Amino acid sequence: RRARPVAAALPERLDRTGESRWVAQLASILGRKFTRQVLAFIHEDEGELDERLEALISAGVLERSSTERGTFSFRHALIQKAAYESLLKSTRRKYHERVANVLATLPDSTHAYPPELLAQHFTLAGLHERAVPLWLEASGTSLRRSANVEACAQAEEGLSCIRELGSAPAFHQVELMLHTMKGMALIAARGWSVSEVGEAFARAAAI
């Protein structure tokens with residue numbers, strides 16, 4: 001008998017977890033790796049959470065970190081993807097918003113979450129106006145670290161959010177800064193000659 005493709009077998013493992021599947025779906029919003037603490041904020045019944053997490057571990061869906069207390073991860077990226085895609089789009093948006101709001105209010109002593117993570121959750125929640133300044137912060141931080149490819153990508157994410165908002169006048173200053181950062185990152189990563197550099201600075205000049 002031929003072995004079944006991994007891509008088909010792993011999502012089926014998730015389907016066999018019964019009522020615990022819902023916890024896996026919620027956890028998938030947080031990414032492949034997550035903490036129980038943050039998951040508890042978005043789960044509606046914390047009392048049953050540990051039981052569900054143990055069931056998912058037993059089913060081979062999750063694994064507990066051996067080095068980070070209270071941290072779990074999906075055993076395979078395909079399981080996390082299957083859990084995420086099984087949620088209704090409206091449900092995903094709702095929980096991305098809840099996660100972003102939770103992460104934004106956690107004290108630094110609890111955990112430090114980078115601005116690009118918050119920006120991504122707000123973007124996926126459809127809250128572009130809240131995502132834009134976070135993408136700007138993320139791009140600026142990456143640029144200062146000479147992480148130029150990341151800086152360019154994050155600036156483009158911010159610009160995409162502004163386009164979703166219809167290039168609102170209230171965001172013109174931020175849009176100017178994002179185009180400028182994108183241009184600087186492109187120069188550092190790919191040189192002056194690429195056409196995107198001229199386009200970025202031309203748009204900045206127009207603003």
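**Exercise 1. What share of the chain's contacts with a separation of 6 or more comes from residues 24 or more positions apart?**

Before you start: this is a predicted model, where local features need pLDDT of at least 70 and side-chain atom pairs count only at pLDDT 80 or more, while totals for chains, interfaces and linings use all residues. Residues are numbered from 1 along each chain as its sequence is written, and side-chain values use heavy atoms, with hydrogens and water left out.

Step 1: a contact means heavy atoms within 4.5 Å. Step 2: among contacts with a separation of 6 or more, the share from residues 24 or more positions apart is 55%.

**Exercise 2. Work out how the strands are arranged.**

Step 1: list the elements. The chain has eleven helices and three strands (DSSP runs, H or I of at least four residues for helices, E of at least two for strands, numbered from the N terminus).

Step 2: order the strands. They make an open, antiparallel sheet that reads E1-E3-E2; two strands pair if DSSP finds at least two bridges between them. E1 (33-35) and E2 (62-64) are the edge strands, each pairing on one side only.

Step 3: zoom in on one pairing. E2 and E3 (residues 71-74) run antiparallel over three bridges, and Leu62 has Phe74 in E3 as its bridge partner.

Step 4: H4 (residues 49-58) lies across E1, E2 and E3, at about 105° to E2 (axes are lines fitted to C-alpha atoms, for helices over the stretch in contact, with angles from 0 to 180 degrees between N-to-C directions).

**Exercise 3. Is Lys182 buried or exposed, and which residues share its salt-bridge network?**

Step 1: buried means under 20% relative accessible area, exposed over 50%, partly exposed in between (1.4 Å probe, protein chains only). Lys182 has 17%, so it counts as buried.

Step 2: its partner Glu156 is 2.7 Å away between the closest N and O atoms. Glu156 is partly exposed at 24%.

Step 3: Glu156, Arg163 and Lys182 are joined in a network of salt bridges.

Terms used
A salt bridge is a side-chain nitrogen of Lys or Arg within 4 Å of a carboxyl oxygen of Asp or Glu.
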